Amino acid sequence: MAMQRMSRGRFCGLSGLSLLGASMSGWLPRLAAQVERSGQRPPRSCILLWMSGGPSQMETFDPHPVHENGGPTKAIETSVAGIRIAEHLPRVAQRMQDLALIRSMTTKEGDHTRATYYLRTGYLPQGPLTYPALGSVVGKALQREGSDLPACISINPFRALNPAAFTSGFLGPAWSPLVVAAETDADQGVSFQVRNLKPASRLSGGQVDERLRLLGVLEQSFLADRPDAPGRSHLQSYERAVRMMKSASVEAFELEREDASVREAYGRNPFGQGCLLARRLVERGVPFVEVSLNSVAGGAGRGWDTHADNFKAVGDLCGVLDPAWSALLSDLQQRGLLENTLVVWMGEFGRTPKINENAGRDHWPGSWSAVLGGGGIRGGQVWGSVSEDGMEVRENPVRVPDLMATICRAMGLDPSATNLSNIGRPIPLADHGAVPIEPLLV
Amino acid sequence: MLKLAALLLGVCLFQSTPSEPSEPSEPSAAAVAGASQSLSVAEAAAEVDRIFERSWQSSGVQPAAVSSDEEFVRRLYLDLAGRVPAVSEVRQFLADERSDKRSALVDSLLDSPAFVRHFTILWRNALIPEAFNDLSGRRLVPGFEAWLWTQFSSGVPYDRMVRELLTVSLDSGGLDGDGAAAGSVLRSASSPAAFYVIREMRPENLAAGTARAFLGVRLDCAQCHDHPFDRWKQGQFWSLAAFYSGFRPVDAEAGMSAVLAERRDSRSIAIPDKDQTVQAAFLEGEQPDWGLNRSAREVLADWVTSRGNPWFSRMAVNRVWALFMGQGIVHPVDDFSENNPPSHPEVLQLLADQMVAHDFDLQFLVRTITRTRVYQLSSRQTHESQSDPLRFARAAVRGLTPEQLFDSLAEATGYYQPYRTDNPFVISAETPRATFLELFRDEGDSPLQKETTILQALAMMNGEFVDAATSLENSQTLGGVVEFPLMTDEERLETLFLAALSRRPVESERTAMLEYVRQSESASAALADVFWALLNSSEFVLNH
């Protein structure tokens, strides 16, 4: 179903909104002034390609064709001499100049729930502290005041492994990801919608305005004598929601505005089209967008959890990943966005180098791969290595806090900058002791 | 005299030495004081109010006015029944001319199943706050709620409830079998097992969870090493963890299915990454009396819930106080420490003593708190000095739990909720209720800082449920109001206000809304717009 954008005219004069706005003016900071100031910094964005279930390093970025643990997977040349990756990613191989491979990721977390939390927040689950997902942290740090779109948008997340790893945690709901799910239609193909963005079709534009005006009357009489945080947040979120409803920026979700050839290049599937949507959102200044690859068909799942039939399963997933990711990088470059857009590829852990009896690979947190590319990253290089059998990191081990610190730095953020947590303790963007990988940074 | 003693005790308790015995056989001073002075609800409430009046006076605070009946009836229903009152319930209360109608309403709500249900949800949030973080935790929620329901519906005293939780046998709870089978057993079983499972059955997590939930002590930071400014040391943390050492460490790969039978007689634990094993000891180093054939958990439970354990009763009081007042006397609610003193130590001590004197009867505590003037103040700010929530000088404006919000929407709009019959706590995923609860689930823990997300706002504004509730064809309340022939538009307006906000419109609202209704081509459609605005207002989605 094609997305019908709400015309600005439906909020004619925005009488309802301005009434809501008027009642807020005493409490909220003046947005306009801040918009002007933030205009001076080039907007940076991050796109996270999240591989739900833990992708095999051996069949992606760290093939071991000469060792028995490598299985049947072949290695291929890339656009950078001396760097070889698995045969399943031929197009990504041609973008190697943009990418820095980390082949020495290492953690102790081999359980989906804990590892998903660890990689997505940079922290291990710990009692009462609810750590925010990376997207909320980056979104909060880089959101431009006055933006019509939320700071963090999550496309097709599969949250069941650990719902807490997909929230804004102690940063609060203002920074929680806006979740967008793909809808697939036989005629129209894949489309995306923000749920409940449109009022019921039986309501006229004037009626919607009147409703907001009546709401303004009620808000004014209640909140005037109750200037407390919950009421302010309620009003603020309504203001943001209405702004998004009437914003021209929501045309970002209308993929049918793209040339058919562009849509084709990304792949006509939820992940491919999700990557295209990510580009459209980044173009409009959204600081953080994540796209999950959960299964070949695009539905829920942890497709990379290849305990059985690993080689075919990973090959099929790469068939979706390869065109989407390579198209994203070249598209960003053509539009002059790649310089300021960091693209991260990772899952919660890797897979056992030893092949199991079901031709599968099991959970393996000890030595695996992640990839950084684009903005802030010196591409065309490999960091770290593992032993010949793939069983252990041989040089330059990278811990999760180090990865987070590197991501922060690539985004122009200080990893030791802090946010105040729900228990009143300041929490750095990357955990204490994190060391960014300097050679990977521009 | 009592007040002075309570004040002094309040100070002493924070300075008690590690060697101070607090075994049940040697009741502490606090328990003696509590036992010697059992007050009635009215007396205890009056005493609390006297303390607050003095505190306001000495700090130049002008408290807010006492709430109107309209304000009170809405707040009390939300706090005791977990939903807004029905129109008829508001009308009945407003028309009631008895002078004691407020406490009469408290009594009747405490007797209702709605109270049991609401307290079940509140205490589930308090005791297993991480339950919704993963699938295995979620599966156990209905069983935990069913267990709490049994406790509250049969009026089990708080100390007995906690003792049962801390000593429940997990061997036959389905935890040692196949994961799926365990899930289905626990789904229908009434059991507090979730308390253990969400803490991964790890001794260190259980020790930290027990200390926070029932003692108000945050030991978590002492788990890894000693902090120079923290009273709790690593050895103390692991001594408490040793009571749970009967649970073997769980294999991370295999998840919960790897938990084997508990060793009841295990009483020591090795501190990880350290060449040191510690014996089980209570919080301040007191040595347990192991007796004959008692498991480590039973010994721990006896100590935690003993009448002489000052941490236990104060934590209970602080939690219940926060449920009704938006914020604890110690805030955050489970962070009692020298660095975080209580705002009103005398109130805390008085209520803790009374809690002991009344044998840990939670209803006594609820009756007392709701009886106080400080609870019954208006939320309307009339003086600058009322803005600091630590003063409790006006009623707090608080966020609702997702359950309170949905049940209030259901009540206001006349939506009839379908429940599953095998366990009413299992909510089918496809129902509007489940969708709502998921969207409005909150990570934050202070209702005073409740925040609204864009998706929540969009769901309230444009979502199917509120849309149906404000459409003339589908809304019970709206349909009834619009179609009832004998009502004037003004009466219709008033009914919608009572349904959503439990109050009549003030003059300016009446004028604005009626003018809109009269100008519109369709008065019915205009009333639907009014109802939409009411349900989307801060006043509806907050408790105040």
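Biologist: Which strands of chain A does helix 9 lie across?
Modeller: In this predicted model, helix 9 (residues 270–283) of chain A lies across strand 1 (45–51), strand 5, strand 6, strand 7, strand 8 (288–293) and strand 9 (341–347) of chain A, and helix 9 runs at about 175 degrees to strand 8 of chain A. Helices (H or I, at least four residues) and strands (E, at least two) are DSSP runs, numbered from the N terminus, while axes are lines fitted to C-alpha atoms, for helices over the stretch in contact, with angles from 0 to 180 degrees between N-to-C directions; contact needs C-beta atoms, placed from the backbone, within 7 Å.

Biologist: And what order do the strands of the open sheet have?
Modeller: The order in chain A is 7-6-5-8-1-9-12-4-13, nine strands with mixed pairing, where two strands pair if DSSP finds at least two bridges between them. The edge strands, each pairing on one side only, are strand 7 (189–193) and strand 13 (381–383) of chain A.

Biologist: In what sense do strand 6 and strand 7 of chain A pair?
Modeller: They pair in the antiparallel sense over five bridges, and E183(A) has S191(A) in strand 7 of chain A as its bridge partner.

Biologist: Switching topic, is G169(A) buried or exposed?
Modeller: G169(A) counts as buried because it has 25 C-beta neighbours inside 10 Å, the cut-offs being 20 or more for buried, 12 or fewer for exposed and partly exposed in between, with C-beta atoms placed from the backbone. G169(A) sits in the loop between strand 5 (152–155) and strand 6 (178–185) of chain A.

Biologist: How are residues numbered?
Modeller: Residues are numbered from 1 along each chain as its sequence is written, and chains are lettered from A in the order in which they are written.

Terms used: Predicted model: local features only at pLDDT ≥ 70, side-chain atom pairs only at ≥ 80, totals over all residues. Contact = placed C-beta atoms within 7 Å.
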